[in-house]
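Biologist: I've got a model open and I'd like to learn how to read it. Can we go through a few features together?

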Amino acid sequence: EEDRALLDVDGPALGDGDDDGPQPVVAVVGRPNVGKSTFVNRVLGRREAVVEDVPGVTRDRVAYDAEWTTRRFTLVDTGGWEVDATGIHLRVAEQAEIAVELADAVMFVVDATVGSTDDDEAVVRLLRRSGKPVVLVANKVDDERTEADAAALWNLGLGQPWPVSALHGRGSGDVLDALLDVLPEVSQVAAYAPGGPRRVALLGRPNVGKSSMLNKLTGTDRVVVDDVAGTTRDPVDEVVELKGRTWRFVDTAGIRRRVHQTRGADFYASLRTQTALEKAEVAVVLVDASDTVAEQDVRVIQQVIDAGRALVIAYNKWDLTDEERRHFLEREIERDLVQVPWAPRVNVSARTGRHLERLVPALDTALESWDSRIPTGRLNAFLGEVVAAHPHPVRGGKQPRILFATQAGTRPPRFVLFASGFIEAGYRRFVERRLREEFGFEGTPIEISVRVRE
Ligand code: GDP
Ligand code: GDP
């Protein structure tokens, strides 16, 4: 079951995409409890109950691969952005704003049985400003008697309210048809545009040196944005020339605007990280080499892995380290960053500029791995040897075998193993280790899922 979910859940629009360009992105926004997740599950056609009866439950994954008739798109459920780990509520308009910025079209879900509230009106204003096409989902219209409630939502001024019961499926086909009418074939969101400069996110805990690094990088080689194709939008990004090529550093406004937020600072930092990751292809996570590796560093790195982005780790403030500190740093890395032995590492100083030029080769390596594809024949020949030499342990008198493997996608590389029985997590990690030994994948997470063939 778990494996199937892995396969169904895909990264946001950056996914594999086909040759025509990235698939369009649809954001599902609305107040808590109007039925966004229920609607998303309905569209995805999944039976399992992801919806929980607790308002604002945090959900890990927010972007899904969806399909209606013959069209594919990325569906972003904003449900997970309502509450952070410490329980601070974000205003609905704020979480919606980010989703809308990154979407080609918006499905605005309203609880028709409640009618429009002040929060709904706030979102409506935001949607108008965005200029994005909006489809109004009048949810919880479970039967004909509530149709009139849906009609009342004409007063939101967003055009036709589509009566839907996400719970029972009523009307969901019509509203998806309406969506496809306004959805472009290929994403028009500048952040996802193919062929432009590669997109980098600078991440790390406060004071680690992100803005110093950005200043150092842009100070010398800032590029006139209008000169570069596909860079005229997204003023929050900065385009920089490094080693003769242009790179787009995404969401830099969040770095420059030194928000002094006392309450919920952690939450906003993590939200910024998430937003930047959605736009980026590769992340440079800065870690303060002069200070102990912190839980927060590990968390940011985990966010990069979860988002399926390429990763480079930059140990900054190297100028402040001495022999002794460097010795302890190595120990800390072994202990605290065990999950990312594959990430390229650069030891830099944003203040002095030391070794900043090593960033580009590290980014290149990580992105090349992230894009890479292993031919099916080679993959299976290699796995055949691995499995023959180290078979899965026998469990309950049976020996699950890997029958066949295929690379289902890139960016990051995703593999599917077809097996004759349940493959244990330990064996999966073993397979991942061997794949890395053989094929490298330096700087990229890889995903391995298993499908059991009865
Ligand atoms: P979200 O917070 O907007 O993602 O809302 P959820 O999808 O978690 O749904 C909130 C509650 O509304 C849950 O108890 C759902 O079962 C319920 N719900 C969602 N859609 C419908 C619907 O179409 N009809 C009815 N009657 N209840 C619904
Ligand atoms: P941010 O919060 O991650 O953007 O961090 P800043 O760039 O604002 O840096 C925080 C502090 O660390 C500032 O006082 C910087 O001057 C200092 N700093 C940043 N990078 C370095 C470095 O490489 N070496 C030293 N010695 N100080 C640095």
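This is a predicted model: local features need pLDDT of at least 70, side-chain atom pairs count only at pLDDT 80 or more; totals for chains, interfaces and linings use all residues.

Biologist: On to the inside. Which residues of the largest nonpolar core touch the most other members?

Modeller: That core has 46 residues, and the ones touching the most other members are Val200, Val282, Ala283, Val284, Val285, Leu311 and Val312. Take Val285: leaving out residues up to four places away in sequence, Val285 touches Leu203, Gly204, Val300, Ile301, Val304, Leu311 and Ile313. There's also a second, separate core of 43 residues, including Val26, Met107, Ala150 and Leu156.

Biologist: Now sheets. How do strands of a sheet pair?

Modeller: In general, they pair through backbone hydrogen bonds, either parallel or antiparallel. Here, look at the open sheet of three strands in the order 13-14-15, where the pairing is mixed. Strand 13 (402–409) and strand 15 (447–452) are the edge strands, each pairing on one side only. From one strand to the next, the twist averages 25°.

Biologist: How many bridges join strand 14 to strand 15?

Modeller: Six, and those two strands run parallel; strand 14 covers residues 414–419. To find your place, look for Phe418, which stands opposite Arg451 in strand 15.

Terms used
Residues are numbered from 1 along each chain as its sequence is written. Chains are lettered from A and ligands numbered from 1 in the order in which they are written. Two strands pair if DSSP finds at least two bridges between them. Helices (H or I, at least four residues) and strands (E, at least two) are DSSP runs, numbered from the N terminus. Axes are lines fitted to C-alpha atoms, for helices over the stretch in contact, and angles run from 0 to 180 degrees between N-to-C directions. A nonpolar core is a set of buried Ala, Val, Leu, Ile, Met, Phe, Trp, Tyr and Cys residues joined through C-beta atoms within 7 Å. A residue is buried if 20 or more other C-beta atoms lie within 10 Å of its own, exposed if 12 or fewer, and partly exposed in between; C-beta atoms are placed from the backbone. Two residues are in contact if their C-beta atoms, placed from the backbone, lie within 7 Å.
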